[in-house]
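Subject: Structure handover

Hello,

Here is the structure we spoke about, with notes on its packing below. Please read them with the model open.

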Amino acid sequence: VQARTVTVHDAAALAAALDRARAGADIDRIELAGGTYALSAPIVVDERLSGRPGHPFELAGAPGARVVVSGAPALPPLRWQPWRAGIWRARWRGRPFQRLWLDGQPLVRARYPNADPARHALVGAADATAPARVARWHDPAGAVLHALHGLGWGGVQVPILGKDAAGNLVYGPQVGNNRAAAPSDSARWVDNVFEELDAPGEWFLDRRGGWLYLKPQAPGRPPARGLYAGALDALVRIEGRGGDVHDVSVRNLVFTRTEPTFLQATEPLLRSDWKFARVGAVTVENARNVRIADGEFTDLGGHAVVVSGRAAGVAVTGNHIHSIGATAIAFVGRPRAVRSPLFEYHERLEPAAIDRTPGPASDAYPRDSSASDNLIHDIGIVDKQAAGVESAMAARITVDHNTIYDGP
């Protein structure tokens, strides 16, 4: 069977081709020409785009081309005004964002202690939340305390809601961690604090006042163009909406520049130290016979590939996954598939209360799937509880011939 291929050259043409295919046009393969496709919304592959056994619907980069799918579109031209101490500001009343790049280089959201965005080393300080330092912060609402656990084997993030009448920090609940743990006294750092905007390459978005502040790497006015801001936490969602999507192939694409998802990591996993956010640069659910191959995942704020809930025959193979905020490949089922689930280590069930019916309670779990021949390194840059390959509430997952190094 000869596949009908449509070649696209920009994000608008890609969206139009997907719409035509969903509406019933005879399109089996969408080929992306070389270049960067900055998305305004995730690419959704649902059951209307299902292929046939042996003839999958394909979303693929052109042979030999470098095709970049980005979650960070360019900001419009900005009018910078000098502020103070080498810091400039420009009016910004658009969407909020957590990540910012200038001419392809990542910038640092204002933080203490300072850190080099080109290095992935953990840089912490014992006085990151010391009273004398906190006293300098006018309104830290929206800041985040990042830290290792006190025993150093995992990570924790704690949203900062503001300060109380006595000037003490007010914290929200920990995220990402299924067992509350005191943050390390020294391996801790805070970001998104306006008063910590003091190092070249740092920035701060004042959402309430409508200003974007930037301290350029080199003295002088920042350029009006060349800034890119994070907009999406997912780039491709292969998800059945009314049934399963099936027989889909995603190949030869570079996925980059997604927003962090650690604040979404609020779902506890079974008998686990981790909580989880069910979103990756590529997310798969209600799907079968899906292949994600020969791609690159880099400079992501969260997970690379998440296979969630009901999924079968998903192969993640031949990918280079590096420089990402969290886990490279995750196969994570839904708790409703588990009989008598328990989430935290101290939860117990009396034997009489245990459901002893053989087999899973539902089919909402990944199964008969694989992660193979992937090169995975420099992961867990933001979320220290991350893995090369994670499997939870899943069955018959093959993990084979992957090279994994430089995890958190």
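Leaving out neighbours within four places in sequence, Leu 14 is in contact with Val 8, Ile 30, Leu 32, Tyr 37, Ile 43 and Leu 59, where contact means heavy atoms within 4.5 Å. The model is predicted: local features need pLDDT of at least 70 and side-chain atom pairs count only at pLDDT 80 or more, while totals for chains, interfaces and linings use all residues. Residues are numbered from 1 along each chain as its sequence is written, and side-chain values use heavy atoms, with hydrogens and water left out.

Leu 14 also belongs to the largest nonpolar core, which has 51 residues. Leu 14, Ile 30, Leu 32, Ile 238, Phe 255, Val 284 and Phe 297 have the most contacts inside this core. A nonpolar core here is a set of buried Ala, Val, Leu, Ile, Met, Phe, Trp, Tyr and Cys residues joined through side-chain atoms within 4.5 Å; buried means under 20% relative accessible area, exposed over 50%, and partly exposed in between (1.4 Å probe, protein chains only). Helix α1 (residues 11-22) gives the largest share of the core, four residues. Helices (H or I, at least four residues) and strands (E, at least two) are DSSP runs, numbered from the N terminus. Apart from this core lies another, of 16 residues, including Trp 80, Leu 102, Leu 107 and Leu 212.

In α1, the buried residues are Leu 14, Ala 17, Leu 18, Ala 21 and Arg 22. Seen down the helix axis, they fall within an arc of 135°, so they line one face of α1; the arc is that of the directions from the axis to the C-beta atoms. Among the elements covering them are β1 (5-8), β2 (29-32), β3 (35-38), β4 (43-45) and β5 (57-61).

There are seven aromatic pairs. Rings of Phe, Tyr and Trp (its six-membered ring) pair if their centres lie within 6.5 Å; planes under 30 degrees apart count as stacked, over 60 as edge-to-face and the rest as tilted. Trp 83 and Phe 194 form a tilted pair, 5.5 Å centre to centre with 40° between the planes. The two are 111 residues apart, with Trp 83 in strand β7 (residues 81-84) and Phe 194 in the loop between β16 (183-191) and β17 (202-206). Trp 83 is partly exposed, at 28% relative accessibility, and so is Phe 194, at 24%. Trp 83, Phe 194, Phe 204 and Tyr 213 form one aromatic cluster.

Regards
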